[in-house]
Amino acid sequence: MSRGPEATIRQVAADLGINPETLRNWVRAVGASRPRGRRAEVPAEPPTLLEAENAALRKKVRELEEEREILRKAAGYFAGETRW
């Protein structure tokens with residue numbers, strides 16, 4: 001499971017058994033970046049109020065979707081245990 005810095009997010013996510021988008025969001029959240037070819041350094045502008053709100057809402061939707069999936073699986077598990 002040990003991968004070097006050249007590993008893709010998809011590969012690492014598969015190793016961890018998580019969704020690649022979840023890992024990508026975690027990487028973005030901590031501000032980690034990976035070099036990709038020869039890109040000009042563009043100073044990052046702070047997000048506008050609308051962009052920040054949109055990002056927060058997208059994050060909340062992802063969290064709620066994950067919680068719903070966990071609850072759905074738990075309900076299925078416990079429903080299976082209660083059958084005679």
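Modeller: Let us begin with the salt bridge, which is defined as a side-chain nitrogen of Lys or Arg within 4 Å of a carboxyl oxygen of Asp or Glu. A search of the whole structure finds two salt bridges. Please note that this is a predicted model, in which local features need pLDDT of at least 70 and side-chain atom pairs count only at pLDDT 80 or more, while totals for chains, interfaces and linings use all residues. Residues are numbered from 1 along each chain as its sequence is written, and side-chain values use heavy atoms, with hydrogens and water left out.

Colleague: Why is the contact of Glu21 and Arg24 called a salt bridge?

Modeller: The N to O distance between their side chains is 2.4 Å. The rule asks for a distance within 4 Å, so the name applies.

Colleague: What separates Glu21 and Arg24 along helix H2?

Modeller: Glu21 and Arg24 are three residues apart in helix H2 (residues 20-29), and therefore about one helical turn separates them. Helices here are DSSP runs of H or I with at least four residues, strands are runs of E with at least two, and both are numbered from the N terminus.

Colleague: Why is Arg72 called exposed, whereas Glu69 is called partly exposed?

Modeller: The classes rest on relative accessible area: buried is under 20%, exposed is over 50%, and partly exposed is in between (1.4 Å probe, protein chains only). Arg72 has 52% and is therefore exposed, whereas Glu69 has 30% and so counts as partly exposed.

Colleague: How much of the protein counts as buried?

Modeller: Of its 84 residues, 7% count as buried.

Colleague: What makes Glu63, Glu65, Glu66 and Glu67 a patch of negative charge?

Modeller: Patch members have over 30% relative accessible area and no salt bridge; like charges are joined within 9 Å, and nonpolar side chains (Val, Leu, Ile, Met, Phe, Trp, Tyr) within 5 Å. Asp and Glu count as negative, Lys and Arg as positive, and His and the chain ends are not counted. Glu67, one of the patch members, lies in helix H3 (residues 49-81). Its relative accessible area is 43%, so Glu67 is partly exposed.

Colleague: Which residues form the patch of positive charge?

Modeller: Arg28, Arg58, Lys59 and Arg62 gather there on the surface. H3 gives the most to this patch, with three residues. Lys59 is in helix H3, and Lys59 is partly exposed because its relative accessible area is 48%.

Colleague: Why is the pair of Tyr77 and Phe78 called edge-to-face?

Modeller: Rings of Phe, Tyr and Trp (its six-membered ring) pair if their centres lie within 6.5 Å; planes under 30 degrees apart count as stacked, over 60 as edge-to-face and the rest as tilted. By this rule the count comes to one aromatic pair. Tyr77 and Phe78 are 5.1 Å apart, centre to centre, with 75° between the planes, and the pair is edge-to-face. Tyr77 is itself exposed, with a relative accessible area of 52%.

Technical notes:
Areas by Shrake-Rupley, 256 points an atom, 1.4 Å probe, with all protein chains shown as cover. Charge placed at Lys NZ, Arg CZ, Asp CG, Glu CD.
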